[in-house]
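Please view the sequence and the model alongside the text.

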Amino acid sequence: GTGDNLRIASRAEINGEDPVLCPWMDFKAFMLKNGSYWPPQTKEELPIAMGEHLVSPNERDASLTNYEAIWKDRIYFQDSTRVPVGVELKFFTVQVVLNAQSNMPYSEGIE
């Protein structure tokens with residue numbers, strides 16, 4: 001089937017970039033680089049650490065915050081009365097660059 005020919009791209013195929021962009025992994029790297037524990041040791045530490053990560057300058061483009069460079073188009077919130085800020089994380093997305101043979105047969109979704 002189609003899935004047999006579809007795979008995650010290699011770094012070489014996409015100019016050395018990581019084919020999997022997961023904002024959570026960037027958050028983890030930020031924590032470890034700054035000498036913090038991973039994962040945060042208490043549920044109170046997590047939102048504080050995440051807040052620091054979101055407003056910090058992005059390593060690849062210091063003119064942007066991590067929120068602007070990494071999270072803005074990948075994080076979704078929901079209203080909440082359980083937290084003082086009024087919103088909670090609902091989910092975030094992960095980007096995966098895929099590769100397939102150009103002559104691969106494709107029939108899914110075609111009627």
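Predicted model: local features only at pLDDT ≥ 70, side-chain atom pairs only at ≥ 80, totals over all residues.

Residues are numbered from 1 along each chain as its sequence is written, and side-chain values use heavy atoms, with hydrogens and water left out.

**Overall fold**

- The protein has 3 helices and 6 strands; helices (H or I, at least four residues) and strands (E, at least two) are DSSP runs, numbered from the N terminus.
- The order of the elements from the N terminus on is β-β-α-α-α-β-β-β-β.
- Of the 111 residues, 22% count as buried; buried means under 20% relative accessible area, exposed means over 50%, and partly exposed lies in between (1.4 Å probe, protein chains only).
- Among contacts (heavy atoms within 4.5 Å) between residues at least 6 apart in sequence, 42% join residues at least 24 apart.
- The protein exposes about 8,400 Å², of which carbon and sulfur atoms supply 54%; accessible areas come from the Shrake-Rupley method with a 1.4 Å probe, and for residues only the protein chains shown count as cover.

**Salt bridges**

- The structure holds 5 salt bridges, each defined as a side-chain nitrogen of Lys or Arg within 4 Å of a carboxyl oxygen of Asp or Glu.
- One of them joins the side chains of Arg7 and Glu13 at 2.6 Å, N to O; Arg7 is partly exposed at 41% relative accessibility, and Glu13 is partly exposed at 37%.
- Asp18 and Arg11 form a salt bridge through their side chains at 3.5 Å, N to O; Asp18 counts as partly exposed at 41%, as does Arg11 at 45%.
- In the salt bridge between Glu17 and Arg60, the closest N and O atoms are 3.0 Å apart. This pair links distant parts of the chain, 43 residues apart: Glu17 lies in the loop between β1 (6-8) and β2 (20-21), and Arg60 in the loop between α2 (45-55) and α3.
- Glu17 is partly exposed, with a relative accessible area of 34%, whereas Arg60 counts as exposed at 68%.

**Nonpolar surface patch**

- Leu6, Ile8, Val20, Val94, Val96 and Leu98 form a nonpolar patch on the surface, with about 460 Å² of accessible area together. Patches are made of residues with over 30% relative accessible area and no salt bridge, with like charges joined within 9 Å and nonpolar side chains (Val, Leu, Ile, Met, Phe, Trp, Tyr) within 5 Å.
- Leu98 belongs to strand β6 (residues 98-100) and is partly exposed, with a relative accessible area of 48%.

**Arg74**

- Arg74 is in the loop between α3 (66-71) and β3.
- Arg74 is buried yet has no salt bridge, and the nearest side chain of opposite charge, Asp73, is 5.9 Å away; Lys and Arg count as positive and Asp and Glu as negative, while His and the chain ends are not counted.
- The Arg74 side chain makes a polar contact with the side chain of Gln95 (2.3 Å). A polar contact is a pair of N or O atoms within 3.5 Å; within protein, one must be able to donate a hydrogen and the other to accept it, and residues adjacent in sequence count only if both atoms are side-chain atoms.
- The side chain of Arg74 also reaches the backbone oxygen of Ile70 at 3.4 Å.

**Ser80**

- Ser80 occupies the loop between β3 (75-79) and β4 (87-92) and is buried, with a relative accessible area of 10%.
- A polar atom of the Ser80 side chain lies 3.0 Å from the backbone nitrogen of Arg82.
- Not counting residues up to four places away in sequence, Ser80 touches Gly86, Val87 and Glu88.
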